Amino acid sequence: MTKNTTKSSDTEIQVLKRGLIDRIAQGDFITLGKIMKIESGTARMRFHRANKEAVTAMNLVIENRENFIKKES
């Protein structure tokens with residue numbers, strides 16, 4: 001992997017993270033922690049540090065929650 005690819009990937013994660021911040025609901029970091037098998041506080045810090053695994057998993061948590069609520073409405 002070249003530096004350009006890594007830098008591009010890092011930028012994509014930062015952009016995704018910024019898009020998720022306003023959509024995070026109460027309990028999402030608890031769910032993220034359970035998915036990652038770590039404490040929720042650790043999951044929160046990894047997300048805020050733009051850890052690729054944490055941001056990607058949070059995206060799935062939010063999308064699934066929103067889809068579930070949409071189906072129930």
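Mentor: Let us begin with charge. This is a predicted model, and its protein chain carries 14 positive and 9 negative side chains. The centres of these two sets lie 4 Å apart.

Trainee: Which elements does the protein chain contain, and in what order do they run from the N terminus?

Mentor: The protein chain has four helices and zero strands. From the N terminus on, the order is therefore written α-α-α-α. Along its principal axes, the C-alpha trace spans about 45 × 25 × 20 Å.

Trainee: How much of the protein chain counts as buried?

Mentor: Of its 73 residues, 26% count as buried. The accessible surface of the chain comes to about 5500 Å², and carbon and sulfur atoms account for 52% of that surface.

Trainee: What should I look for in the interior?

Mentor: The general idea is that in soluble globular proteins, nonpolar side chains tend to be buried together. In this model, the largest nonpolar core has 14 residues. Those with the most contacts inside that core are Leu-20, Phe-29, Leu-32, Phe-47, Val-55 and Met-58. Helix H1 (3-21), H2, H3 and H4 each supply at least two residues of the core, and H4 gives the most, with six residues.

Trainee: Which residues is Val-55 in contact with, leaving aside its neighbours within four places in sequence?

Mentor: Val-55 is in contact with Ile-13, Leu-16, Lys-17, Leu-20, Phe-47 and Ala-50. For the chain as a whole, consider the contacts between residues at least 6 apart in sequence: 60% of them join residues at least 24 apart.

Trainee: How does one read the buried side of a helix?

Mentor: An α-helix has 3.6 residues a turn, so residues three or four places apart point the same way. Take helix H2 (residues 28-36), where the buried residues are Asp-28, Phe-29, Leu-32, Gly-33 and Met-36. These residues lie on the same side of H2, because they cover an arc of only 140° around the axis.

Trainee: What covers the buried residues of H2?

Mentor: The cover includes helix H3 (40-48) and helix H4 (52-72).

Trainee: Where is Lys-37 found, and is it buried or exposed?

Mentor: Lys-37 is found in the loop between H2 and H3. Just after H2, this residue takes a positive phi of about 60°. Lys-37 counts as exposed because its relative accessibility is 74%, and exposed requires over 50%.

Trainee: Where is Arg-49 found, and is Arg-49 buried or exposed?

Mentor: Arg-49 is found in the loop between H3 and H4. With a relative accessible area of 63%, Arg-49 is exposed.

Trainee: What relative accessible area does Ile-69 have?

Mentor: Ile-69, which is found in helix H4, has a relative accessible area of 45%. That value makes Ile-69 partly exposed, because it falls between the cut-offs of 20% and 50%. Ile-69 and Gly-33 are 36 residues apart in sequence and 21 Å apart in space, C-alpha to C-alpha.

Methods. Residues numbered from 1 in each chain as written. Predicted model: local features only at pLDDT ≥ 70, side-chain atom pairs only at ≥ 80, totals over all residues. Heavy atoms only, no water. Buried < 20%, exposed > 50% of the residue type's maximum accessible area, 1.4 Å probe, protein only. Arc of directions from axis to C-beta. Contact = heavy atoms within 4.5 Å. Areas by Shrake-Rupley, 256 points an atom, 1.4 Å probe, with all protein chains shown as cover. Lys, Arg positive; Asp, Glu negative; His and termini not counted. Charge placed at Lys NZ, Arg CZ, Asp CG, Glu CD. Core = buried A, V, L, I, M, F, W, Y, C linked by side-chain atoms within 4.5 Å.
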